[in-house]
Amino acid sequence: MGELLLIWSVSIILSAAALGWMVALILARVLRERTEQRRERDRRLIQQGLLDIMNGAGDAVGRLRGVRHRARLMAEALLEILSLVRGEERERLISALHAFGVDEIFRRRLSRGSVAGRLAAAEALAIFPGEAAVTALREALAHAHSAELRVGIMHSLIELSAPPELDEVLTDLAGRQTSDSLLYLPVIGQLVTERPWAALQSFGDTRLSGEARVILAEALGASGDFRALRPLCLAARAPEIELRIAAIRGLAALRHPAAEATIVSALADEVWMVRSAACEAAGRIGLRSAVPALADRLEDPVWWVRFRAGEALGALGDTGRAHLRSMAISGGDLSRRAASLALAERGLTVEAA
Amino acid sequence: MAAIASGLQVMAEIIALFVIGTGLLQNGIYLIQLGLAAAALIQTPPTASGGLLWRRYADAAPPIALLAPAYNEALTIAESVRSLLSLHYPSFEVIVINDGSRDGTLQVLIDTFELRPIQRHHEQAIAHAPIRGVYGAAHQPRLIVVDKENGGKADALNAGINVSRAPIFCSMDADSLLEPDALLRAVKPFVEDPERTVAVGGTVRIANGCTISHGRVLEVRPPRNLLALLQTVEYLRAFLMARLAWSRINALTIISGAFGLFRRARVIEAGGYTHGTVGEDMELVVKLHRLMRDKRLPYRIAFVPEPVCWTEAPEDLRVLGRQRARWHRGALETFERHRDVLLKPRYGRVAVVGFGYILLVDVLGPIVELLGYVLIPLFWLAGVLSTAYLLAFLAVSFTFGVVISVGALALEESELRRFPRARDLVLLTGVAVLENFGYRQLNNFWRLRGVWQYLNRSQSWGTMTRKGFGGTAAAPQSGGRP
């Protein structure tokens, strides 16, 4: 009888728990519905207020007084509107909100509440230039744990012309579990473009992690600073495959013809991803001297290399197309097909090419 | 005679204990799933609006190829494709694969999007039925249509994988509806952990009852049909609880065919989708686990709890029964093909948790439950089981089921709240209780039919007649599993 009682007790407890749980959730929902309605009403009020400020309507700022404590809502509405507006209206809105003390509310929100709210506040602070915003963001960065929040803060600091040190960002990246997070790429790209010399120094630092070097290689190429040419050419011969690929991509972005020898040599790399990247680079830089090597790659055993070689030859003007035509007629099985398809994708026939 | 009676008594007790033990084990696992899913939801709260997602992820978002296989969808294909083309994502292409449709699907596409034949250099990395032609749209550079001979959904997806050039592809059903920012939400794991992430599943929700216009869900409402309502709670349990929980410990063995993102190179390495199975979606995920574990590479198969895809649930018992039998057959086929995973220590959690779960819930579950429903009342009628105990265990079994369903609803309510009205929640709570009395047993019957079809090696997909989101009757479909 004791066992039976226990089983029934479990059953009754489970039923009561399920019932209690749902009643609590429904009650919470009823209360939340009211909160949501208020939130929605406030969101509309904020949006209308921001639009009125831009249109220069009367006491538009005053109408925001009742909702100025809604930092996240305000930040999100502001970011959405500012992604659509430029020029005088934007400036009018920012200066009115600054005068109203909205930036101060965002600064306070940086260290309080949910990560989503902090992130919105950090992003919105980027539109309020000044030492106060920079100091608050730096302080928040020192305490933030979430990668998304850290990257958001770094973005804002860059927009406020107070970028974090590149080394600091690279150290941060190395300390992350997802160390090669793409989230950091745009931030690092911006920092490298602004301070290519510092990036070059970091790139040459032997203590730098492999992942960081890979990211820097591409970012250096995208920076357009030709001082990166030599280090990238050296990196294109590194033993690490990922670094070789990134360096070739960097050289492609740099578009300097002096990378020719490196690119042509990479076309014969033992790793197909490097050969594929080299084909793309040859096409982007416009290396006519690479045409014979690219034509050889039309016979590559890997489809991607053949495809990229065909694309590159197609991009290399009359010389490249003449080679494509010649390969389409007299090449081996693979190169004939690769060359004809490359011509066809450009709307060219073998004869007309 | 007394010895026979005593033997029968012992046998009855053993069977009863086995049935009860298996049931309790299943419920115990569900409770663990509930806890894991709650932890996952709390730690990764849903992201803000589409505009902010774009701001945060657009720069880092990798290109995606959306693969939409279509078979006899002339009535709905134009609107579906328009809706796909208007998704919010910085770099994507839509590849519609006309899998040898016998109606005018291809012609509708040609007429609507002014398609013309193009040459497209593509890899022959995975086998599939021959491609008859590739078409490009005059005014939609993002749209590619592949016309091929019929070979089934897996075959069509393999053709799409070959033709695509983006590093990530999204497999989906052409008639599913995607949230405008579905790709931005689902791509997050690829952005945050690009080296390790090989696949991402997304939550599929039931669109019956919702207000839909131009391929978009405008207002979320619970279905008006009881069967669809029951499936709504079932989908919440499957996605918000089971999938999220197993993805948290990297033991997820299924990503719905209705929506999933995959790293193209890894899928090609794994051999693409398997032909000749009705559970190709589950099979692919298991193959990816095996590939990465065999290579001893760190990897992650992630899951996004926020709803990204909406599908139409069957509102007819026969159609639903066929769908469930087919899903179950697919799970059994996958288990059979990869049964050695269960015994190899190198497969770690995938073996113990993922495959152990399939063994317990999919392979043994329906049979044990049937044994319970048939033998235990028989033993009771024969007087070898105590009525008091029988009722007590039945009560525990049902209340456990209710707690689990209510738990899934609670997860939805505490973190996502996609049903806007409190009365919807009351309705779904009622359904969460109701489903344990009849629907659960019916489901088990369908699963048993799946076991029977599996044993008979039936490869039939059956037909899945949908009403269509626009209210027009759509052609037979395969229907993606939750």
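In which loop of chain B is the place of B:N250? I looked it up in the predicted model. B:N250 sits in the loop between α8 and β11 of chain B.

**Entry 1**

I checked phi at B:N250. The angle is positive, about 55°, although this residue is not a glycine. Is B:N250 buried or exposed? Its relative accessibility is 14%, and buried means under 20%, so I wrote down "buried".

I then turned to B:E114. Here phi is positive too, at about 50°, and B:E114 is not a glycine. I found B:E114 in the loop between α4 (105–113) and β3 (115–117) of chain B. Its relative accessible area is 46%, so I noted B:E114 as partly exposed.

**Entry 1: strand β11 of chain B**

Next I followed the chain to β11, residues 259–263.

I sorted the residues by direction. B:F259, B:L261 and B:R263 point one way, while B:G260 and B:F262 point the other way.

Which strands are joined to β11(B)? Strand β6 (residues 168–172) of chain B runs antiparallel to β11(B), and five bridges join them. I marked B:I168 opposite B:R263. Strand β8 (residues 197–206) of chain B is also antiparallel to β11(B), with three bridges. There I marked B:G201 opposite B:G260.

**Entry 2: nonpolar cores**

I looked up the largest nonpolar core. It has 268 residues, and A:F106 and A:I188 have the most contacts inside it. Helix α8 (residues 226–248) of chain B gives the most to this core, with 14 residues.

I listed the contacts of A:F106, leaving aside neighbours within four places in sequence. Among them are A:A71, A:M74, A:L78, A:L125 and A:F128. Another core lies apart, with nine residues, including B:A16, B:I376, B:F379 and B:L390.

**Entry 3: annotated spans**

Last, I read the UniProt record. Its unreviewed entry for chain A places a "transmembrane region" at residues 6–31. In the model that span is 100% helix, and its end C-alpha atoms lie 37 Å apart.

For chain B, the unreviewed entry gives the same feature name at residues 6–25, 347–368 and 388–411. I checked two of these spans. Residues 347–368 of chain B are 95% helix, with end C-alpha atoms 27 Å apart. Residues 388–411 of chain B are 100% helix, and the ends are 35 Å apart.

How values were computed: Residues numbered from 1 in each chain as written. Chains lettered and ligands numbered in written order. Predicted model: local features only at pLDDT ≥ 70, side-chain atom pairs only at ≥ 80, totals over all residues. Heavy atoms only, no water. UniProt positions renumbered as here; feature names shortened; annotations may be inferred. Helix = DSSP H or I, 4+ residues; strand = E, 2+ residues; numbered from the N terminus. Core = buried A, V, L, I, M, F, W, Y, C linked by side-chain atoms within 4.5 Å. Buried < 20%, exposed > 50% of the residue type's maximum accessible area, 1.4 Å probe, protein only. Contact = heavy atoms within 4.5 Å. Pairing = 2+ DSSP bridges.
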